[in-house]
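Some terms used for protein structures are conclusions drawn from a number and a cut-off. The questions below ask how such conclusions are reached.

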Amino acid sequence: MLKFDYPKNPEQFNMVEVPDMKHYVDCSMDELFAIQQVAEEIRENANVLLVIGVGGSFLGARAVIDALTPYFRTNNGVEVIYAGNNMSGAYLKQLITYLENKSVYVNVVSKSGSTMEPALAFRIVKEYMENRYGTEASNRILVTTDAHKGILKQMAEQCGYRQFVIPTEVGGRYSVFTAAGLLPIAASGIDIQAFLDGAKNAESDFDNVDIQSNAAYQYALARFDLYSRGYSLELLASFEPRLRKLHEWWKQLFGESEGKEHKGLYPTTVTFSTDLHAIGQFIQEGSRILFETLIHFDEIEEDIEVPFMLNDLDGLNYLAGRSMNEINATSKDGVVLAHEEGGVPVMKICIPKLDAYHVGYLMFFFMKACVISANLLEVNPFDQPGVEAYKKKMLELLKENVVNIHE
Ligand code: PA5
């Protein structure tokens, strides 16, 4: 199903706990049905779904939607757009202008219900929706949050918004298989049943301690091996630009799960061949601090052939009749050879097809590997104490300014 390739044998390491992660893919039939129903309603009534959330509360949905929807928008279907993941006034101002003349639904996603970025964006968007839609606004606003607690939960109760749940035991960056990810993904027209099936099969494939067959375990061990040998940076690379947001999701998953107690690999990402003309020089010949993990899909549905050109003006007729995807795959093989020769260890994750099932499978693979990997580092994969530091300072400054304004 998924092939992990790393030339070194990682067996030399001690076994670590391979945690049970069934509850991360445990969406009930009733919940799935409710999500599909509301997604259908959005698709019938809206041109835009605005997803308000930050970190784990939007990166997963955005990763899947970008990976599985066309590069260039056709006018059909719902456009999923995002807010609450930055604090730019210009962004919000332009967003409100963009929403004019479009039929809008809003899905605000926050497990705690009190994160500053989405809370501020929601305050602005709520006012906009109420001014524009009056009492109908409450039908167009959907809340995804904790089942029992939080300010957002209270607001949903008071304002009569429909609610979806992020289970208490599922942390933000592991929540793509809950309503946090599934609702926007379904609204964009992607088959969430196939996406979940992929994740569930991955869950059962990687739920064992057999290093020989468990690719998630192998990947975690290989990363730890390289980390122990002094590599400090992992570069996730792929050759399909629509995977950029999946890279972002991966970066948050590993960065927030492992980067603590002064430990962890720095996760960063590149999209080839674009970045070969940007950071490729550094990879090939710069400081030897990094290794590369390549994601490769064997089959990508759409493709185009290189045409024959009369007189061969550009000298490329030797490629005439060849498929662009095939050329892209060959460039991948060239990159692997060159980077390995340049002293960059390369790992490969090969997946049969770029579709909903396999994206679900791949994302669960990463989640499982991440938790095993954090266990190897002996850090807690589920907390993010360091994120609080900036929030505390920002709040102090904001409150100080309030005092100054009122003086
Ligand atoms: O992975 C995490 O837990 C975080 O990135 C959260 O998802 C992020 O901080 C948003 O939190 P919340 O959903 O509570 O608004």
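The model shown here is a predicted one.

Q: Why are H10 and H13 called roughly parallel to each other?
A: The two helices, H10 and H13, pack at an angle of about 20°, with their axes 10 Å apart. Angles under 35 degrees count as roughly parallel, and H10 and H13 are therefore described as roughly parallel to each other. Their crossing is right-handed.

Q: Which residues make the contact of H10 with H13?
A: From H10 come Trp250, Leu253, Phe254, Ser257 and Glu258, while H13 brings Phe366, Met367, Cys370, Ser373, Ala374 and Leu377. By kind, the residues of this contact between H10 and H13 divide into 8 nonpolar, 2 polar and 1 charged.

Q: What makes up domain 1 and domain 2 in the domain assignment?
A: The assignment gives domain 1 as 3-16 + 210-386, and domain 2 as 22-195. The C-alpha centres of domain 1 and domain 2 lie 29 Å apart, and the contact takes 20 residues from domain 1 and 21 residues from domain 2.

Q: Which elements give two or more residues to the side of domain 1 that touches domain 2?
A: These are helix H10, spanning 244-258, and helix H13, spanning 356-377. Of the side of domain 1 that touches domain 2, H10 gives the most, with 9 residues. The residues of that side of domain 1 divide into 12 nonpolar, 3 polar and 5 charged.

Definitions and conventions:
Residues numbered from 1 in each chain as written. Predicted model: local features only at pLDDT ≥ 70, side-chain atom pairs only at ≥ 80, totals over all residues. Domains from an automatic or database assignment. Contact = placed C-beta atoms within 7 Å. Helix = DSSP H or I, 4+ residues; strand = E, 2+ residues; numbered from the N terminus. Nonpolar A, V, L, I, M, F, W, Y, C, P; charged D, E, K, R; others polar. Axes fitted to C-alpha atoms, helices over the stretch in contact; angles between N-to-C directions. Parallel < 35°, antiparallel > 145°, perpendicular 65-115°, else oblique. Left-handed = near helix turned anticlockwise from the far one by under 90°.
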